[in-house]
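Keep the 3D view open as you read.

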Amino acid sequence: MFNLSRKNNSILHRLSYIVVNNSSSNSLLFLKVRCISNTCSDLSQSFAYSYLIDKFGFSQQSALAASKYLRFKTPDQPDSVIAFLEKHGFSRTQIQQMIRSRPNLLSSNVEKTLLPKLEFFRSRGVSSPDLIKFLFGNPTILTRSLENQVIPCFNHLSSLLQSDDKAVKAIKRYPRLVTCNFDAYMLPNINILLDNGVPESYIRTMFFHHPRYFVMIPDRFKEIVKEVKEMGFDPLLMKFLRAVIMFRKMSKPTLERKFDVYKKWGWSEQEIWEAIRKNPQCVDFSEETIMARMDFLVNRMGFKPLHIANQPSVICRSLEKRIVPRGLYARELLSKGLMKKFTLSGLFDISEKTFFERLINRYEDIAPQLLKLYKEKVKLAIGGKY
């Protein structure tokens, strides 16, 4: 009664065409408008329409649109779905957001459709908190076919990453993976990289950490790989794949804004491209972040902008966790005569363990005082009081 069949939809399309194009038939026009109006009226009086508004706060317009695809006439069916989700650990707020995102979830059969999916993921080692996290992130998973979509896609991911555990972690990072067409939007892109000489181990690593950027129309992905190759990146190096990921997720206008920031510090376009070739991630931050890091390195530490261009990895370091505390600490050592000079890479690119060995523990007599000094600089950096 409340759902339009394909036949009725087709009729309504034809009626709409007549309304717009056949002005000579006024009586027919009236009948068509009345027909469409009655359809909307029926939907607005449906139980599903009222349920969505009363239970989940849908607007009248969104409830009207969603109720076209919901067939329940009593609260038993949708209430069973809500009870099921609550039983399995979803909060009321999460359930509301999931239903607002996928209202057709309310029509799901708890025993035949929902439970088997949860059981499948748990059989693959997914914990309850992780399961809640990625089902909340992509509730469409619960409405897709277990046999035809969910299981095949998960198996593909597990095979690619060589373990169920890594497949689960990749899904947590990008829950839409499970509902993507692996053969159409992921596998071709992986093959494009392999065909261009990118080592399979690098592909696995980057897919594991950045799965969303491998999901793309293959033709466009192929263009990006070609562009990166023409820039001079070597496919045998991880930098190549990092550059592909960077250009995959960044639009040209966004990239141009990053270029403008570096140009303000005196970098030429050629020097910016050289920096990108050395470390593609140097443009993988907001304009504000790049500006703040450059400002501290140039105006507080005294490094020349072009010196930084030759060592762009420094731009990729955290301002609060590494650049500021180490920078302030090094200045203190200089003032105490404990250091004569320091380099960008020697100060900011080394690990925390190496930093402690070289710049704190080596001064055995005063190591405790230096450690205290360094911790003070860390607190200043975290508090933004530098």
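The buried residues of helix 10 pack against helix 8 (128–137), helix 9 (146–161) and helix 13 (200–209). Packing here is contact, with heavy atoms within 4.5 Å. This is a predicted model: local features need pLDDT of at least 70, side-chain atom pairs count only at pLDDT 80 or more, and totals for chains, interfaces and linings use all residues. Residues are numbered from 1 along each chain as its sequence is written, and side-chain values use heavy atoms, without hydrogens and water.

**Helix 10**
- Helix 10 spans residues 164–173. Helices are DSSP runs (H or I, at least four residues), numbered from the N terminus.
- Ala167, Val168, Ala170 and Ile171 are buried there. Buried means under 20% relative accessible area, and exposed over 50% (1.4 Å probe, protein chains only).

**Helix 7 and helix 9**
- Helix 7 (residues 110–123) packs with helix 9 at an angle of about 15 degrees, and their axes are 12 Å apart. Axes are lines fitted to C-alpha atoms over the stretch in contact, and angles run from 0 to 180 degrees between N-to-C directions.
- Pro116, Lys117, Phe120 and Phe121 in helix 7 meet Leu146, Val150, Ile151 and Phe154 in helix 9.

**Two glutamines**
- Gln94 sits in helix 6 (residues 92–101). Gln94 is buried, at 19% relative accessible area.
- Beyond its neighbours within four places in sequence, Gln94 is in contact with Gly89, Ile132 and Phe136.
- Gln162 lies in the loop between helix 9 and helix 10. Gln162 is exposed, at 55% relative accessibility.
- Gln162 is not a glycine, yet has a positive phi of about 70 degrees.
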